[in-house]
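Below is a short note for a colleague who wants an account of the two chains before looking at the details. Please read it alongside the model.

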Amino acid sequence: MFKMALFEGGLHRADELEDLVDDLGGFLIQKNVTQIDITLIMAVPGEDYELIKEKAKELRGKIVEVPLAGSEITIVSPSLGKHHLPHPVCDISEYIRRNGAVTNVMGLARGVGQRINQITAVEKGMIEEADVAVYSLGNFSHCLEKKTHLFMDIEIPVVVLGGPEKFIAEGLDYYVGGIGRRSQRLRQKFDLDIFDIMVSEISKAVEKRRREIEEDPLVIEPIYLKKIIEENVEGIDKIVSPIPVVLNVDGIKVKMPLNQFIEKIKNIEFDGRKIEEYCNIYQSPYSGITILKIFTKSYFESIDKKS
Amino acid sequence: MEIIVEGLPEKESQGYVTLINDIMREFEIRRSVEKVYFYGDTENFVFIASIRIKKVLEPLRIEDVATYNPEKEILSVEDEFYVPKILSLLWSFSKEEIEQKDRTEIKIPSEIFNKLKSEIVYYPTEDLKKNVQEAINRILPEAARIKYILSAEKTITVASSENALSDENKKLAHKMHERD
């Protein structure tokens, strides 16, 4: 069982920690270098976690367990107007990132109001490309009741954030109150306490998604697939995006157009099979990046028998 | 500054008081505002915000914000904020003989200064009112785009909704506008 950890420290000798993670059979999920600082998100075997902690201490860095590592979360705001951004949406996004997830922020074209709010099929499709959607809504419970159709048809788990302490809607499993419309940075103690509750609710939602997948497990773990792609696909290191390969609970995303990617993985084999035999590879109709959805074992066996 | 929120349940009122406070701080108008009234009817999606400023400030003239040295023919502006406004005013009169010597010092002949010293460079209340209007727009929900605006010397009131505003709502806006 892997433990997800986030290391923050200096760039000097950080490669020693990367090597240790590799030697212990762990994975580096994300690496961000900012001038002389480095942030590493890694998956470490549970029994060896203490060794990593000791190494981090030796390097005078900070290491914390991050429950959301390995997941991609979209934070949905009713609009991109000043009423919702940068506070609280960007603060929410920052806190989720600090807990290891990759975040996308998205503003609906017409998500505001009671009567006039709506969501388009394209917006739904974009939201469903992530693992969990977090909706940041307003202060009024009556408005929240009128906005349930914005998140009811979404096929991934949804966490709703709003002003009222309690909000019950049919089919909504995760709600966190106390974060409505805000016009200041959310960095007070009580804000951070609410954020901790929010992270625990998002963790539950990610866990729910993982449990759904475990019912019919994936033929290959996304984290292994990520490593194979990173080690074998040429040009991954030249992608300008800060996170060229995004880890999802049921696959990965590579920030490269499909035609280039297909060309590059033609000759890559894993366990005697080609990469495209393990997953469904397609281009996102919205962002143009390549998405790899790993086949489940039952589906994999069924196509294996046919062939 | 006093904030009065009406028409909403207690918890939601408290949230809105915090929000209004933060918006006022963001626009730096807390000290200039006497009272903020906010009325919310979430059932019908009608919101009214009314802001009363403390006092109407007199317009500022060149001689109010700068001191003139007749011997050196130098006008020293007290606050850098007024320099572009003064320069624009002076240069609209004449570009020759008027020269910015330093960040806050302007060389200007005595006869021109005497002619222009009573010219108004800044209307503080107008500026404050613009900020108040912006703050009201931020306080009101984004979807409430249909607006009914009332403006007086010291008070600005805006009633808004996503639907057409009824006469009743307009009457309520007038009532809030004229309230103490």
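The points below take the chains in turn, then their contact.

1. Basis. This is a predicted model, in which local features need pLDDT of at least 70 and side-chain atom pairs count only at pLDDT 80 or more, while totals for chains, interfaces and linings use all residues. Residues are numbered from 1 along each chain as its sequence is written, and chains are lettered from A and ligands numbered from 1 in the order in which they are written.

2. Chain A, overall. The secondary structure of chain A consists of 9 helices and 15 strands; helices (H or I, at least four residues) and strands (E, at least two) are DSSP runs, numbered from the N terminus. The C-alpha trace spans about 55 × 55 × 35 Å along its principal axes.

3. Chain A, burial and contacts. Of the 307 residues of chain A, 39% count as buried (20 or more other C-beta atoms within 10 Å of the residue's own; exposed means 12 or fewer, partly exposed in between; C-beta atoms are placed from the backbone). Contacts between residues at least 6 apart in the sequence of chain A join residues at least 24 apart in 68% of cases. Two residues are in contact if their C-beta atoms, placed from the backbone, lie within 7 Å.

4. Chain A, domains. The assignment for chain A gives domain 1 (2-65), domain 2 (72-214) and domain 3 (222-306); such bounds come from an automatic or database domain assignment. The C-alpha centres of domain 2 and domain 3 of chain A are separated by 29 Å. Contact between these two involves 11 residues of domain 2 of chain A and 7 residues of domain 3 of chain A. On the domain 2 side, α4 (121-128) and α6 (189-214) of chain A each supply at least two residues, and the largest share, 4 residues, comes from α6(A). By class, that side has 5 nonpolar, 1 polar and 5 charged residues. Ala, Val, Leu, Ile, Met, Phe, Trp, Tyr, Cys and Pro count as nonpolar, Asp, Glu, Lys and Arg as charged, and the others, Gly among them, as polar.

5. Chain B, overall. Chain B contains 6 helices and 11 strands. Its radius of gyration is 22 Å, whereas a compact globule of 180 residues would have one near 16 Å. Along the principal axes, its C-alpha atoms fill a box of roughly 70 × 30 × 30 Å. Two domains are assigned in chain B, domain 1 (2-57 + 124-177) and domain 2 (60-122), with C-alpha centres 38 Å apart. Of the 180 residues of chain B, 33% count as buried.

6. Chain B, a helix pair. Helix α1 (residues 10-26) and helix α5 (residues 124-139) of chain B pack at an angle of about 145°, with axes 10 Å apart. Axes are lines fitted to C-alpha atoms, for helices over the stretch in contact, and angles run from 0 to 180 degrees between N-to-C directions. I20(B), I23(B) and M24(B) in α1(B) meet A135(B), R138(B) and I139(B) in α5(B). This contact has 5 nonpolar, no polar and 1 charged residues.

7. Chain A with chain B. The contact between the chains involves 21 residues of chain A and 16 residues of chain B. The side of chain A that touches chain B has 5 nonpolar, 11 polar and 5 charged residues.

Conventions:
Rg over C-alpha atoms; globule rule 2.2 N^0.38 Å.
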